[in-house]
Amino acid sequence: MGKTDDLTVVQKMTIDTLHKEGKTQKVIAKEVGCSQISVSKHINREAKGRKRYGRKMCTSNGDNRTLERIVKQNPFKNVGEIHKEWTAAGVSASGTTMHRCMQDMGFSCCIPCVKSLLNNRQRQKRLAWAKDKKDWTAAEWSKVMFSDESKFCISLGNQGPRVWRKRGEAQNPRCVRSSIKFPQSVMVWGAMSSAGVGPLCFLRSKVNAAVYQDILEHFMLPAADQLYEDADFIFQQDLAPAHSAKATSTWFKDHGIPVLNWPANSPDLKVILY
């Protein structure tokens, strides 16, 4: 018996059962009473002809391409706006179907990353800076001491975690978070390099050129001695008014410290922020 058509219905059902149990084709053939070739052909035919279960997709490939184009044209549209535009394009599908199609394409609704708004001149300067530094080696970057000031809110202010609640619990004291009109905050200066980190400076006043030079004198120089000892280094700072003031530039020249040229409005290039 070498053809699957010669197998009886009972034999085919037995083959399927034993195959699901993980039996080998040789064992199945012996128990069913047929050739191993017949068992192999039947299993392969069943695998190729296995039907897909579930509801048939109500959108075509063209509809899906239209949806993907709409999303890519303006990824900040909400689900309702996207569905309205998709419907206007001649597609008849529910919002649930549209959302499922978007998930199948790999789209997910996320909080967008925030980056500084750049004009064309700033973009050109960033590109020129990147081309100038693209061949720097790890040894060259290890000579750079990155620095920055950052403001830390001690309280949450008007932002904070979300809350899980049920309908009608919006005003429940358990689900309400108190807001603070003027949240407490602290400004901190810090520096780091591949050799390690320097001490933190907690600032109690607004940072002007005089305050910044005092930070450099009492915090940056000790950090440089700690991280580089007698080796040369390059100092990195952004273009804040206190940093780019003439008096600050004179301070760096008097101390013989080279400053890394830095494109304006480029906080995302700072290693210290990551």
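Helices here are DSSP runs of H or I at least four residues long, numbered from the N terminus. The model is predicted.

**View 1. The largest pocket and its lining.** This pocket holds about 450 Å³ of space. Its lining consists of 16 residues. Nearest the centre lie Pro75, Lys77, Ser108, Cys109 and Cys110. Helices α5 and α6 each contribute at least two residues to the lining. The largest share comes from α6, with 3 residues. By class, the lining has 11 nonpolar residues, 4 polar and 1 charged.

**View 2. Helix α5 packed on helix α6.** Helix α5 covers residues 79-88, and helix α6 covers residues 95-104. They pack at an angle of about 100°, and their axes lie 10 Å apart. The range 65 to 115 degrees counts as roughly perpendicular, so α5 is roughly perpendicular to α6. From α5, the contact takes in Val79, Ile82, His83 and Trp86. From α6, Gly95, Met98 and Met102 meet them. The contact has 5 nonpolar residues, 2 polar and no charged.

**View 3. Helix α1 packed on helix α2.** Residues 9-20 form α1, and residues 25-32 form α2. The packing angle is about 145°, with the axes 10 Å apart. The crossing is right-handed. On the α1 side, the contact is made by Gln11, Thr14, Ile15, Leu18 and His19. On the α2 side, Ile28, Glu31 and Val32 take part. These residues divide into 4 nonpolar, 3 polar and 1 charged.

**View 4. Helix α9 alongside helix α11.** Helix α9 spans residues 209-228, and helix α11 spans residues 246-255. Their axes come within 9 Å and cross at roughly 30°. Angles under 35 degrees count as roughly parallel, so α9 is roughly parallel to α11. The crossing of this pair is right-handed. Helix α9 brings Ala209, Tyr212, Gln213, Leu216, Glu217, Met220 and Leu221 to the contact. Helix α11 brings Ala247, Thr248, Trp251, Phe252 and His255. The class count for this contact is 8 nonpolar, 3 polar and 1 charged.

Technical notes: Residues are numbered from 1 along each chain as its sequence is written. This is a predicted model: local features need pLDDT of at least 70, side-chain atom pairs count only at pLDDT 80 or more; totals for chains, interfaces and linings use all residues. Side-chain values use heavy atoms; hydrogens and water are left out. Axes are lines fitted to C-alpha atoms, for helices over the stretch in contact, and angles run from 0 to 180 degrees between N-to-C directions. Angles under 35 degrees count as roughly parallel, over 145 as roughly antiparallel, 65 to 115 as roughly perpendicular and the rest as oblique. Contact means heavy atoms within 4.5 Å. Ala, Val, Leu, Ile, Met, Phe, Trp, Tyr, Cys and Pro count as nonpolar, Asp, Glu, Lys and Arg as charged, and the others, Gly among them, as polar. A crossing is left-handed if the near helix is turned anticlockwise from the far one by less than a right angle, and right-handed if clockwise. On a 1 Å grid over the protein atoms alone, a cavity is a set of points where a 1.4 Å probe fits but cannot get out, and a pocket is an open set with protein on both sides within 12 Å along at least five of seven lines; lining residues have an atom within 4 Å of a point. Grid points are joined across faces, edges and corners, and a volume is the space filled by probe spheres set on the points.
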